Amino acid sequence: MANPIAPVTKVSDKLREMLNDAIAREIGVSIQYVWQHVQVIGVKGIAVRNQFKQTAMAEMKHAESIAERLWYLEGIPTTKPAPITVGGSLQEFLEHDAKAEEEAILLYKKIIEQAMKEGDITTAFLFKQILEDEEEHHDLFTTMLEEV
Ligand SMILES: [Fe+2]
Ligand SMILES: [Fe+2]
């Protein structure tokens, strides 16, 4: 474990890689959700399209916050998105999105655990805040899925 009273936080390559996985995910879903906003069809699609856009913007802000943290930790933030799955219907959009949020929640819990193990309280705190947003997104998509 890192010295808990050192003024500057040093972290492992493992944690830096996890932060880059998180950035790739955030960039990926940001594109995924905004493309869904563009590609919606039908009355129901039009009714909810802004939800996709707003969520996409929140994800890009997550990407930025994590990139800033990684840069501070002497890592180079990736520009490559994780695989993007847009889908061909509102039902498919929402299924892909709920799954993406579930995967993010799992990864971010692991990041919080790893960061705490390394004495990196700030990264753990950042991911606790982001985790709260992802749980809200998951709730939004699964609620929308209840009646498509
Ligand atoms: Fe996010
Ligand atoms: Fe999210």
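Which protein donors does the iron ion (ligand 1) have?

**Close-up 1. The iron ion (ligand 1) and its protein donors.** In this predicted model, the iron ion (ligand 1) is held by E26 (OE), E26 (OE), E59 (OE), H62 (ND1) and E134 (OE), at 2.0 to 2.4 Å. Read along the sequence, these donor residues follow the spacing E-x32-E-x2-H-x71-E. Two of them, H62 in helix 2 and E134 in helix 4 (residues 121-145), sit 72 residues apart and tie distant parts of the chain together. H62 is buried, with a relative accessible area of 5%, and E134 is buried too, at 1%. Both values fall under the 20% cut-off for buried.

**Close-up 2. The iron ion (ligand 2) and its protein donors.** Here the coordinating atoms come from E59 (OE), E101 (OE), E101 (OE), E134 (OE) and H137 (ND1), lying 2.0 to 2.3 Å from the iron ion (ligand 2). The sequence spacing of these donor residues is E-x41-E-x32-E-x2-H. Again distant parts of the chain are linked: E59 belongs to helix 2 and E101 to helix 3, 42 residues apart. Both E59 and E101 are buried.

**Close-up 3. E59 between the two iron ions.** Zoom in on E59 and you find it bridging the iron ion (ligand 1) and the iron ion (ligand 2). The two ions are 3.8 Å apart.

**Close-up 4. E74, out in a loop.** E74 isn't a glycine, yet its phi is positive, at about 65°. E74 counts as exposed because its relative accessibility is 60%, and the cut-off for exposed is over 50%.

Key: Residues are numbered from 1 along each chain as its sequence is written. Chains are lettered from A and ligands numbered from 1 in the order in which they are written. This is a predicted model: local features need pLDDT of at least 70, side-chain atom pairs count only at pLDDT 80 or more; totals for chains, interfaces and linings use all residues. Side-chain values use heavy atoms; hydrogens and water are left out. Helices (H or I, at least four residues) and strands (E, at least two) are DSSP runs, numbered from the N terminus. Buried means under 20% relative accessible area, exposed over 50%, partly exposed in between (1.4 Å probe, protein chains only). Donors are N, O and S atoms within 2.8 Å of the metal (3.2 Å for Na, K and Ca); water is not among the atoms, so sites may look incomplete.
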